[in-house]
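Trainee: I would like to go through some backbone details of this model with you. Please take the questions one at a time.

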Amino acid sequence: MTYVLTSDDKPLTGFGALRAAVSSLDPRMRIVMTVFYAITVVALDDLRVLSGALILSMWLLAISGLPFQKTLKRMAMMDGFIIFTLILLPFTMPGTPMFSVFGFDATWEGLWRATEIALTANAVILAVMTLVGSMEPVTMGHALFALKTPERLVHLMMFTIRYIDVLREEYLRLRTSMKLRGFRPGTNWHTYRSYGYLVGMMLVRAIERSERILAAMKCRGFSGRIVLLEEFRLTRTDVLFAVALSIALAALVCAEVTYAAY
Amino acid sequence: MPLIELTDIHFAYPTLDPVLEGASMRLEPGDRLSIVGPNGAGKSTLLKIIMGLLVPTQGMITAFEKPRIEEADFHELRRRIGFVFQDADDQLFCPTVAEDVAFGPLNLGKSKDEALAIVDDVLGRLGLMHLRDRVTHKLSGGEKRLVTLATVLAMEPEVLILDEPTNALDPDNYARLVEILKGLDQAILLVSHDPDFRAEIAPEGYRLENRALVRL
């Protein structure tokens with residue numbers, strides 16, 4: 001998702017090119033731990049514990065070696081998607097009124113719920129960005145394959161990685177040639193029709209290209225299976241990292257249970 | 001015995017006028033032939049027919065002393081004939097160069113280690129070792145072209161078919177390609193609009209004229 005949001009970067013280079021410290025860890029372990037992390041954090045609801053989770057995510061970011069500002073900026077972009085839910089929540093939850101705007105009461109319960117969602121979302125997205133987002137997409141594909149993700153899905157992802165740039169360049173070439181012939185988008189039928197042609201032409205070209213690729217693959221003896229080359233090794237650092245993170249998660253769960261008892 | 005023999009090939013794309021009518025040719029071991037003809041004459045079509053990617057409406061394809069009629073006949077043929085496509089982006093579909101070069105050998109049933117050994121060997125021979133772990137779509141046009149050649153050579157074909165291999169090559173990469181091709185011992189069938197390149201690699205050959213092949 002982060003790729004879609006930052007138009008200045010080339011698609012699919014992401015943070016992978018940064019060679020952050022975290023990228024030396026086994027990608028399989030990172031994916032699995034991210035899943036555990038997300039499940040645990042989503043299950044928490046005490047605000048104090050969730051704050052702890054966010055601090056844990058920040059700590060992950062700190063040791064990952066990713067650029068602080070850039071990563072937090074991307075996290076803030078994700079907040080853009082949920083901001084309206086967060087603002088509206090206090091007004092839609094029934095409970096003790098806090099203040100009222102145009103006759104609509106904002107409630108404390110709603111505010112707490114909104115804070116809870118914001119904390120959960122940010123803690124999880126930050127962990128995903130540091131642990132999984134720092135992977136080259138190709139590595140992620142291989143790691144997913146090693147984790148027994150269905151082969152077809154992995155190949156689908158790999159082909160997307162390989163050809164999204166080709167399609168993007170095709171799109172840019174077509175756009176440039178439109179621009180060079182004086183095309184200025186506006187709110188009129190000519191614009192709609194031209195965009196229609198553009199999208200249609202890209203579809204046609206994509207289909208033709210896929211046929212040529214299949215032909216090229218057949219010429220090299222393709223029979224329906226692609227064998228992936230990369231092999232991963234779980235090192236002691238990986239195990240240490242996984243254990244440390246598990247302990248931290250267990251501590252969060254303990255805290256949640258303890259607070260819930262009061 | 002010829003490696004490839006086409007006899008009286010007829011072909012037409014659905015709803016269009018015929019492209020080939022009675023085209024015949026042979027490629028003997030050690031031959032280096034080029035096929036010339038204007039744009040749209042059907043040169044690429046002819047190459048696709050040889051590879052079994054298109055099915056002729058009439059005529060015989062014989063390769064390595066066997067008639068090739070059904071899709072299954074072409075499986076073995078494709079292992080023995082290496083085809084370098086016009087657009088390198090069509091051929092390089094794996095994320096990294098090493099994986100792309102290994103794709104063919106893995107399809108031939110080689111183990112991972114054997115495939116990797118072939119990758120190193122082929123890239124070493126072509127002087128492309130520095131590209132081994134590069135991401136394919138980030139290569140330059142010339143690098144892509146040389147890598148496509150490596151992906152095909154990794155299968156150790158007996159015949160090499162090249163469709164416009166000099167497209168978008170700078171003089172350096174052009175010289176590299178000529179040097180590499182001259183050092184190979186495979187029979188070559190070349191389609192190229194570049195007269196200098198043809199003179200260097202495959203001066204003899206056929207002209208595609210009036211939907212048939214004429215020996216030059």
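**Sheet and loops in chain B**

Mentor: In this predicted model, chain B has an open sheet of 4 strands in the order S2-S1-S4-S5, with antiparallel pairing.

Trainee: Which strands of chain B are the edge strands of that sheet?

Mentor: An edge strand here pairs on one side only. In the order S2-S1-S4-S5, the edge strands of chain B are S2 (18-27) and S5 (66-67).

Trainee: Is B:Glu156 buried, partly exposed or exposed?

Mentor: B:Glu156 is in the loop between helix H6 (141-153) and strand S7 (159-163) of chain B. Its phi is positive, near 50°, and it is not a glycine. A residue is buried at 20 or more other C-beta atoms within 10 Å and exposed at 12 or fewer. B:Glu156 has 15 C-beta neighbours inside 10 Å, so it counts as partly exposed.

Trainee: What is the phi of B:Arg211?

Mentor: Most residues other than glycine have a negative phi. B:Arg211 lies in the loop between strand S9 (204-209) and strand S10 (212-215) of chain B. With 19 other C-beta atoms within 10 Å, B:Arg211 is partly exposed. B:Arg211 is not a glycine, yet its phi is positive, at about 65°.

How values were computed:
Residues numbered from 1 in each chain as written. Chains lettered and ligands numbered in written order. Predicted model: local features only at pLDDT ≥ 70, side-chain atom pairs only at ≥ 80, totals over all residues. Pairing = 2+ DSSP bridges. Helix = DSSP H or I, 4+ residues; strand = E, 2+ residues; numbered from the N terminus.
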